[in-house]
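The following note is meant for a colleague who is new to this structure.

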Amino acid sequence: MFPNLESTSAALNARARKSLAGGGSRSTIRTNPYTLYIRDAQGAEVVDVDGNHLLDFINNYTSLIHGHSYPPIVEAVRGQLPRGSAFSFCHESEIDLAELLCERVPSFERVRFMNSGSEAVMNAIKLARAFTGRPKIAKCDGFYHGSYDFAEVSLSSGPEHWLQEDPPSLAYSRGTPQSVLDEVVVIPFNEPQHSQRILERHAQTLSCIVVDTTCMRLGGNLVREDYVTMLKDISRRNGILLVYDEVVSFRLGYSGSQGVLGVIPDVTALGKIIGGGFPVGAVAGRADVMSMFDSPADGVAPLPHGGTFNANPITMSAGLAAMKDMTPDAFESLNLMGGKAREAMTNVFTESGVIGQVTGVGSFFKLHLHDRPITTVQDAGVSSEGQQQLATLRANLIDAGIFLGSGCFGCLSTATTDTHIERLCTALAGALRKIDG
Ligand SMILES: Cc1ncc(COP(=O)(O)O)c(C=O)c1O
């Protein structure tokens with residue numbers, strides 16, 4: 001089944017390369033030797049154009065908390081579509097979704113919507129600069145926050161940098177101006193002492209510290225509490241804003257990961273699940289900070305923010321339908337299922353004799369082909385040979401009808417059942433036998 005160079009997907013990849021730059025519009029979803037094209041998706045399952053059925057354990061990179069084509073979302077969108085899909089007026093659903101979010105998360109006093117997690121991080125950073133009047137930002141070495149060039153700095157740093165106590169600001173993409181690198185202070189994730197020393201050196205020029213509370217590259221575990229406590233203290237003492245990137249980690253609970261951590265940010269970047277499967281981003285936070293978006297009656301806001309599709313009524317209706325059904329009980333059972341899945345896969349590793357581990361929190365999981373404890377970026381780092389082994393494991397799983405994200409990262413949805421987890425474990429046992437043999 002995979003790979004099959006005679007497949008319709010393989011042919012579509014070849015056709016796509018003739019009209020689409022890079023053969024597609026999303027670098028992060030590529031699989032080798034070709035990317036699958038999907039014909040249909042329902043619940044936990046997708047069917048590709050060749051008729052292959054796959055259990056989807058990545059759910060559009062965590063954004064589909066109810067899986068595919070969740071009936072209440074389909075119904076909400078069906079209700080809105082004939083009444084208009086985009087207009088240059090406001091729509092009540094925007095207030096409804098903002099109210100739902102503010103009711104659930106104490107640090108959300110105001111919300112502003114946009115169209116992607118990348119835009120959310122970008123606007124959170126611009127907001128922090130506008131509010132503090134300071135130019136620099138701090139971010140963790142090796143962390144992904146979407147495609148804003150400031151947020152991309154040091155995303156692809158390698159092992160040679162992780163061993164350094166002062167990680168350098170490195171360009172991710174060709175053409176990044178030196179001026180961007182100069183404004184980004186890079187700190188080592190989960191290393192409070194080194195990070196504190198670096199942050200104190202730049203404290204008077206920093207507008208914000210951006211941190212993802214569950215880094216997927218590390219295995220989807222929650223950030224160390226003493227680390228975020230240190231970030232919070234240093235921010236408060238120096239007038240810096242603490243920004244959580246909860247584009248992914250908002251999945252952790254009714255009040256996001258901040259509800260679990262108990263350390264509260266000033267501003268949060270959101271995306272993914274709050275759009276119910278449609279393009280979305282949002283910035284939420286303290287009212288005084290968010291007031292940078294307020295326009296006086298006779299002028300422009302300190303931080304003007306336009307966007308043709310911001311708070312699009314289709315997205316807002318879908319997001320509202322998705323989030324309404326994520327009650328505290330729904331989050332609890334999803335997270336319990338996540339724990340069950342991690343435990344079952346850990347047993348598969350033990351029985352297979354292949355060295356590895358399963359990490360993650362809530363509904364996240366990640367497979368690793370090593371067993372060292374993972375707290376820092378160094379711990380998670382794998383050689384190019386290790387990355388190749390993970391890619392092979394992923395391909396073996398696709399061949400067995402299981403789809404995980406790159407690096408064998410995955411997540412569940414409310415559509416995931418015990419049977420799906422059993423099928424995942426059976427496929428994993430077979431896939432591990434193949435790489436072992
Ligand atoms: C932590 C984090 N922040 C930001 C983003 C960017 O979100 P989007 O892909 O919607 O632009 C992502 C995307 O995966 C992410 O994982």
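1. A polar contact is a pair of N or O atoms within 3.5 Å. The model discussed here is a predicted one.

2. Side chains also reach the ligand. An N or O atom in the side chain of Ser118 is 2.7 Å from a ligand oxygen atom, and for the side chain of Lys272 the corresponding distance is 2.8 Å. The residues surrounding the ligand include Ser116, Tyr144, His145, Gly146, Asp212, Asp245, Val247 and Val248.

3. Two packed helices are described by the angle between their axes and the distance between the axes. Helix 13 (residues 328–352) packs against helix 16 (residues 418–436) at about 30 degrees, the axes being 10 Å apart. Angles under 35 degrees count as roughly parallel, so helix 13 is roughly parallel to helix 16. Their crossing is right-handed.

4. Which residues meet in this pairing? Among them are Met337, Ala341, Met345 and Phe349 in helix 13, and Ile421, Leu424, Leu428 and Leu432 in helix 16. The contact comprises 12 nonpolar, 1 polar and 3 charged residues.

5. Most residues other than glycine have a negative phi, and most peptide bonds are trans. The bond from Phe2 to Pro3 is cis, with omega near -5 degrees; Pro3 lies in the segment before helix 1. The bond from Asn32 to Pro33 is also cis, with omega near 5 degrees, and Pro33 belongs to the loop between helix 1 and strand 1.

6. Asn59, although not a glycine, has a positive phi of about 50 degrees. This residue lies in helix 2 (residues 59–62).

Terms used:
Residues are numbered from 1 along each chain as its sequence is written. This is a predicted model: local features need pLDDT of at least 70, side-chain atom pairs count only at pLDDT 80 or more; totals for chains, interfaces and linings use all residues. Side-chain values use heavy atoms; hydrogens and water are left out. Axes are lines fitted to C-alpha atoms, for helices over the stretch in contact, and angles run from 0 to 180 degrees between N-to-C directions. Helices (H or I, at least four residues) and strands (E, at least two) are DSSP runs, numbered from the N terminus. Angles under 35 degrees count as roughly parallel, over 145 as roughly antiparallel, 65 to 115 as roughly perpendicular and the rest as oblique. A crossing is left-handed if the near helix is turned anticlockwise from the far one by less than a right angle, and right-handed if clockwise. Contact means heavy atoms within 4.5 Å. Ala, Val, Leu, Ile, Met, Phe, Trp, Tyr, Cys and Pro count as nonpolar, Asp, Glu, Lys and Arg as charged, and the others, Gly among them, as polar. A residue is near a molecule or strand if one of its heavy atoms lies within 4 Å of it. A polar contact is a pair of N or O atoms within 3.5 Å; within protein, one must be able to donate a hydrogen and the other to accept it, and residues adjacent in sequence count only if both atoms are side-chain atoms.
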